[in-house]
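Biologist: I would like to learn how to read this structure, one question at a time. Let us look at it together first.

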Amino acid sequence: MDREELLSDAAQRAVSYLRRIRQRSVAPSEAAVAALQRFEEPLPAGPCDAAEVLKQLDEVGSPGTVANAGGRFFGFVNGGSVPAALAANVLAAAWDQNAGLRVMSPVAAVLEDVAIGWIKELLGLPNVAAGSFVTGATMANMTCLVAARHALLARLGWDVEAQGLFGAPPFQVIVGDEVHASLRKALAMAGLGRDRVISVPADSQGRMRSDALPKLSAPALICIQAGNVNTGAFDRAHEICTAAGASGSWVHVDGAFGLWAACAPERAHLMQGFGEANSWATDAHKWLNVPYDCGLAFVSDGAALYQALNLQAAYLAPGALRDPMQWTPESSRRARGVEVWAALKSLGRSGLAEMVERTCKHAQRFAGGLCAAGYTVLNDVVINQVLVRFDDDETTQAVIEAVQRDGTCWCGGTVWHGQRAMRISVSSWLTDEEDVEWSLDAILRAAKRSRAK
Ligand SMILES: *Cc1c(COP(=O)(O)O)cnc(C)c1O
């Protein structure tokens, strides 16, 4: 097969994979997972025909996937890929652009600029904020934290990029008790310490209690959330930002998926005050439904972001326009902005609002159906997250396992305030009412059987 035939073959296989996804089990079968052993062969001594490579990948690999691209995967906070973003991803793979520098890819740089501008407008972030593309919200948190670290230490007369943190003057880092684990990891990577934090108690929904914030006598770094990973709850940003502003503190927002609630007029009230913060981390591969891996960092003090992350070398002649790699941890990287641009262009403001609102409505339907059947929904379903408990820990765990085995849909587990719970996160553009009813039936069947035991 020549290259053209090979690409057509790949496209055809992709199309038939997606065509069949509605009928298949969401989790791969045990047999399909066991068959993945067929990949574990010795390093090939010589070349293999590319068509054969693709055939093996499809025949052995496709059944071993999780049907994340269908409409009934409700685990973690995984979106799918809207058609325009998926198609753009295919074209961009052929382009093979290195998005690090504008001279290496003018088109990647322009599409990133445009997408960053559109997203600031959609999410209600300051127009002056600098934005950059990263792999996901973990790296977006990290990117924002190093910008915050730069700014807070520069004010204390310390050049952290030059001197490191050894001997640096300390500043306080404040998080809520329900901070996402990836933010703690980002704090660790940024040298700020995952445990060297002041942890503020959270309320029943996981919101940082703004009345329990410590008195701020010096500029601190305060990390808040738009969208708790379990409950979907939003911290009271306006109150926290007001308290922070008086002390010159830096407020960072982890809004991996929650920030996108700003797109739906019915949910926008949750976002009150978040635009007053100093930095924001979010994902595009969750609620915006673009392919992995794709996150964004925004920092209102763009100079702090640039100072924290720019890199100079003689062969990297600085251009007159923004060079993407000067604002982000990586140098060479793929052109993630292409898919984000394509998703935003294809959905438009109203399409995005409709997608966000639709997933929230589906979450409400799940919660309503589960409550009606006598099960306990543990959270206020403010966006697309539902936490449900079936009687006790043991039954809840049994239901989670039965739902995953059944294959109609996939839901994961968590522990919320000491109790085992099942998480339902409706994040895919593709989920329709029929998917919700099928899934609800499957969950209720599993719950009934587990209760009977
Ligand atoms: C998913 C998530 C993250 C981590 O995002 P990745 O894209 O997996 O790195 C951080 N914070 C919150 C609230 C999340 O939901």
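**Pockets, ligand and backbone**

Biologist: How much space lies in the largest pocket?

Modeller: Rolling a probe the size of a water molecule over the atoms shows where empty space is left. A pocket is an open set of points on a 1 Å grid over the protein atoms alone where a 1.4 Å probe fits, with protein on both sides within 12 Å along at least five of seven lines. Its volume is the space filled by probe spheres set on the points, which are joined across faces, edges and corners. For the largest pocket, that gives about 830 Å³.

Biologist: Which residues lie nearest the centre of the largest pocket?

Modeller: This is a predicted model, where local features need pLDDT of at least 70 and side-chain atom pairs count only at pLDDT 80 or more, while totals for chains, interfaces and linings use all residues. Residues are numbered from 1 along each chain as its sequence is written, and side-chain values use heavy atoms, leaving out hydrogens and water. Lining residues have an atom within 4 Å of a point. The largest pocket has 25 of them, and nearest its centre are Ala-14, Leu-18, Ser-81, Leu-86 and Asn-89.

Biologist: Which helix gives the largest share of that lining?

Modeller: Helices (H or I, at least four residues) and strands (E, at least two) are DSSP runs, numbered from the N terminus. The largest share is seven residues, and it comes from helix 1.

Biologist: Which residue has a polar side-chain atom 2.6 Å from an oxygen atom of the ligand?

Modeller: With 13 residues surrounding the ligand (a heavy atom within 4 Å), the closest are Thr-138, Asp-254, Asp-283, His-285 and Lys-286. Polar contacts are pairs of N or O atoms within 3.5 Å. An N or O atom in the side chain of Lys-286 is 2.9 Å from a ligand oxygen, and one in the side chain of His-180 is 3.4 Å from a ligand nitrogen. The 2.6 Å distance belongs to Thr-138.

Biologist: Which residues does the cis peptide bond join?

Modeller: Most residues other than glycine have a negative phi, and most peptide bonds are trans. Asp-293 lies in the loop between strand 6 (279–283) and strand 7 (295–299). With omega at about -10°, the cis bond joins Tyr-292 and Asp-293.

Biologist: Is Asn-289 buried or exposed?

Modeller: Asn-289 also sits in the loop between strand 6 and strand 7, and it has a positive phi of about 60° although it is not a glycine. Buried means under 20% relative accessible area, exposed over 50%, and partly exposed in between (1.4 Å probe, protein chains only). At 0%, Asn-289 is buried.

Biologist: What is the relative accessibility of His-417?

Modeller: His-417 is in the loop between strand 10 (412–416) and strand 11 (419–425). Its phi is positive, about 50°, although it is not a glycine. His-417 counts as partly exposed, because its relative accessibility is 46%.

Definitions and conventions. Polar contact = N/O pair within 3.5 Å; in protein donor to acceptor, adjacent residues only side chain to side chain.
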